[in-house]
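Please open the model in your viewer and keep the sequence panel beside it.

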Amino acid sequence: NKKGFSDDFLWGAATSAYQVEGAAFTNGKKASQQDIINQNNYKERGFATAEIASDHYHHYKEDVALMKEMGFSTYRFSISWSRIFPDGVGEVNEEGIQFYRNLIAELHANNIEPIVTLYHYDLPWALVEKYNGWLDRQVVKDFEYYARYVITEFKDQVKYWTTINEQSVIVQYWTTKNYVPKELQSNNQLRFQINHHMNLAHAVACKLVHEIVPNGQVGAALGYSPVYPLSSKPEDVMAAQNAHDLRNSYYLDIYFKGEYTKAASIYLEEHGLAPIIEKGDMELIKEGYSDFLALNYYASECAKACPINSGKKIRFNGVNYSGKKGEISGYETHPGFYEMCKNPNLDTTDWDWAIDPIGLEYILRDIYTRYGKPLMITENGLGAFDKLTVDKKIHDDYRISYLREHIKAMSRAIDYGVEMIAYCPWSAIDLLSTSNGVKKRYGFVYVDRTDDDPKQCERIRKDSFYWYKKVIENNGRE
Ligand code: BGP
């Protein structure tokens, strides 16, 4: 019963607006919170800002031509809210929407099916200034205003919509994937409050797609990692289950069952972390059902028991800014529930992300068995320091072997009956990393720039470009 990839399986890659477009203040666009966060990153660590990024705004035709050359049948990208509504709501910015009309027309002219993400970390800064952005319920109304406009505009051109990118990751890294004023950053309950507002916004967007787009399909794009127990000691296995409930099911159960996972909710309530839920919220969440789940998978995670009397405090995930293995600043800890840790059985990227293709097969099979909805991969990839040779080549065999093993894992999941729509690794071309500037690269196409010097952003095909082209030509086989 080995089916392999179906003939209509979509092959492509992904990007997000602020990470790739640049033109952050061009033709009417105003700042998003990421423009501000990245300006601070530049001052503090010397990482590139989003002002030019990969200058896709001015190179989009060339970029789509490169996608066509690789044989893409799909492309996942996001729309910048503050390009369309520079103040978050109000007057539409005609030049802003025109950019996406042009991009989507260019994709269709090349037979590339767009997968559009409505929100990828880049809230209009105006809404942060007005009411602290996602911290205020007003954001759900304003998101609806923006989403309704975009969905209506592209109802005949876009079939696949993803709502909010990586809510689970936003909860973990809530000051880099989202802007939070310094004085509020010690209040961990607010992480779950903004997540609740995002759940409402997600539900609203799902309803809008169902109402407006003929044959439209919609789902969230969730950052998802399986959690393995550090050992087979029952207390570690229990801890891994707790982590799975709070880090994964807490989101999936909302998307597919319209409810918060019990154990995770009880843990949050006991620690004063639970969101305030108003009358009618859970009904709205139930009405905004998803048609599929888009998954962003990079790495698996590992957890161990953390006794309540360990003397440790609640903390969320650490980061590795240096790109030197072992320099992660810490692990998520919930005394009495679980503590995340390094998996000694897996190699990692330079940024301490565990490389684990089997983890992908594991989650695809597990999620499909539990929720029974089709899945697509909207991100998967290897961040690395790519080195441009003197003859302008990038020999990224490390990326090829990462992607090869993950494609095989996805193919095994299909053979075991999982329904898969698309594979969109991260990223179509090099772009700005969310926390590491342009040193950490993911693309099939090298964009020639450094953190402090955008140069001309010349496009150079990497070895992985030619490799992926062959994979697509042979529908998943090399
Ligand atoms: C995901 C995000 C992307 C992306 C990717 C790689 O969390 O959806 O926007 O950037 O991770 O992460 P990073 O850029 O931090 O290496």
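**Whole chain.** Begin with everything selected, bearing in mind that this is a predicted model. The chain holds 15 helices and 14 strands. Its radius of gyration is 21 Å, close to the 23 Å given by the globule rule for 478 residues, so the chain is as compact as a globular protein of that length.

**Helices H3 and H5.** Next select residues 56-70, which form helix H3, together with residues 94-109, which form helix H5; their axes lie 10 Å apart and meet at an angle of about 5°, which makes H3 roughly parallel to H5. To see the contact itself, show Tyr 57, Tyr 60, Lys 61 and Val 64 on the H3 side, which meet Phe 99, Leu 103, Glu 106 and Leu 107 of H5.

**Helix H10.** Move to residues 234-257, where a straight helix of 24 residues would span 34 Å, whereas H10 spans only 29 Å between its end C-alpha atoms. Where does H10 bend? Centre the view on Ser 249, at which the helix bends by about 50°, and then step past the end of H10 to Gly 258, whose phi is positive, near 70°.

**Ile 37.** Select Ile 37 in helix H2, residues 33-45. This residue is buried, having 23 other C-beta atoms within 10 Å, and, leaving aside residues up to four places away in sequence, Ile 37 touches Thr 176 and Tyr 179.

**Two residues with positive phi.** Tyr 121, in the loop between strand S3 (113-119) and helix H6 (125-131), has a phi near 70°, a positive value in a residue other than glycine. Is Tyr 121 buried or exposed? With 24 C-beta neighbours inside 10 Å, Tyr 121 counts as buried. Lys 392, in the loop between strand S11 (375-379) and helix H14 (397-415), also has a positive phi, near 60°, but Lys 392 is exposed, with 11 other C-beta atoms within 10 Å.

**A cis peptide.** Finish at Trp 426 and Ser 427, which are joined by a cis peptide bond with omega about 10°; Ser 427 belongs to the loop between strand S12 (420-423) and strand S13 (445-448).

Key:
Residues numbered from 1 in each chain as written. Predicted model: local features only at pLDDT ≥ 70, side-chain atom pairs only at ≥ 80, totals over all residues. Helix = DSSP H or I, 4+ residues; strand = E, 2+ residues; numbered from the N terminus. Expected span 1.5 Å × (residues − 1). Bend = angle between axes of the 7 residues up to and from the residue. Rg over C-alpha atoms; globule rule 2.2 N^0.38 Å. Axes fitted to C-alpha atoms, helices over the stretch in contact; angles between N-to-C directions. Parallel < 35°, antiparallel > 145°, perpendicular 65-115°, else oblique. Contact = placed C-beta atoms within 7 Å. Buried ≥ 20, exposed ≤ 12 C-beta atoms within 10 Å, placed from the backbone.
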